[in-house]
Amino acid sequence: TSAFNLIPELEIDIPFSKISSTTDSVMLDEGVQTITGKIHLQTDLGSGELFSYLGYQKRDSGRSDLLPWSVGLGWHPSVGSFMAGRVFGFQSVTDDRDKAYPYNRQAVNNKVNGGSYHFYAVNPSVVSAEGLFFLKLQRQWQIQMSAGLDLGGQSYSKGFFGGLNLIFDWGERQRMYRHQQRRETHRPRGDGVAVDSGTIDFKVDTPQDNQDQKLFEPPPPPRPPRAVPVRPKTKTRIAPSDQQIQDQLDDAEMQIELKRKKK
């Protein structure tokens, strides 16, 4: 709409290995298949953006289902860069099948994971904070950096985390943030909200850009060619031949002889 974007997302995770009470391997993930559906809400606030999502994650093996959520606010220091901060996490909305026997899970965590509750916990929940920085290096290349920490939760270990992504864009696509849609793939409407490329209004982003709106007006229609008057054609005289001259002389001489005889 003219005020916000709603973007659906569906994600399916299939692990390479399962976690069991007899495992001796260090845990690298939850070890369960999950199906996650999310709805992303993105709102343009002029120089800033509000972005968030709310979803539902279904996990197998009797694990509790989760409700992932996120709320973030960002701004654009310059064209091609984006800085943001967000608070996100998840909450268990159903009970784990081992809720009445959590000691079985704790024994496995103590044996292979140093007692950490980062994975394989009963009814986990967490609230985290994260800072984001995106920088467009060239038209196809973009670097994304993030860092954050866990603020609180239940049956979940706290920690620090960070990420570094180098992205190569193979072609035009929908970006995650409305700023990138507005400045890279589409032109804005008069209200500054990104629209589809098929409905271009030929207006600049905001009046603060100090751009001359006349530069975006359609060109004037071409002038008709100037009419050139056509001159009438003149008859060209052709010089008589020698035979024609001789015939005319003979005719004139004959007329003179006739006039003499009449006298």
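Where is the place of Tyr-120, and between which helix and which strand?

Mentor: Tyr-120 is placed in the loop that runs between helix H1 (102-112) and strand S6 (125-136). Helices (H or I, at least four residues) and strands (E, at least two) are DSSP runs, numbered from the N terminus. The model is a predicted one, in which local features need pLDDT of at least 70 and side-chain atom pairs count only at pLDDT 80 or more, whereas totals for chains, interfaces and linings use all residues. Residues are numbered from 1 along each chain as its sequence is written, and side-chain values use heavy atoms, with hydrogens and water left out.

Although Tyr-120 is not a glycine, it has a positive phi of about 65°. Tyr-120 is buried because its relative accessible area is 8%; buried means under 20% relative accessible area, exposed over 50%, and partly exposed in between (1.4 Å probe, protein chains only). Ser-61, likewise not a glycine, has a positive phi of about 60°. Ser-61 lies in the loop between strand S3 (48-59) and strand S4 (66-75), and it counts as partly exposed because its relative accessibility is 32%.

The wider setting is as follows. The chain has three helices and eight strands, arranged along the sequence as β-β-β-β-β-α-β-β-β-α-α. Of its 263 residues, 32% are buried. Contact means heavy atoms within 4.5 Å; among contacts between residues at least 6 apart in sequence, 52% join residues at least 24 apart. Ser-81 belongs to strand S5 (residues 81-92) and is buried, since its relative accessibility is 4%.

The surface can be described next. The chain exposes about 18600 Å², of which carbon and sulfur atoms supply 58%; accessible areas come from the Shrake-Rupley method with a 1.4 Å probe, and for residues only the protein chains shown count as cover. A nonpolar surface patch of about 460 Å² accessible area together is formed by Val-87, Val-127, Leu-149, Leu-151 and Phe-160. Patches are made of residues with over 30% relative accessible area and no salt bridge, with like charges joined within 9 Å and nonpolar side chains (Val, Leu, Ile, Met, Phe, Trp, Tyr) within 5 Å. A salt bridge is a side-chain nitrogen of Lys or Arg within 4 Å of a carboxyl oxygen of Asp or Glu. Phe-160 is found in strand S8 (residues 160-168) and is exposed, because its relative accessible area is 77%.
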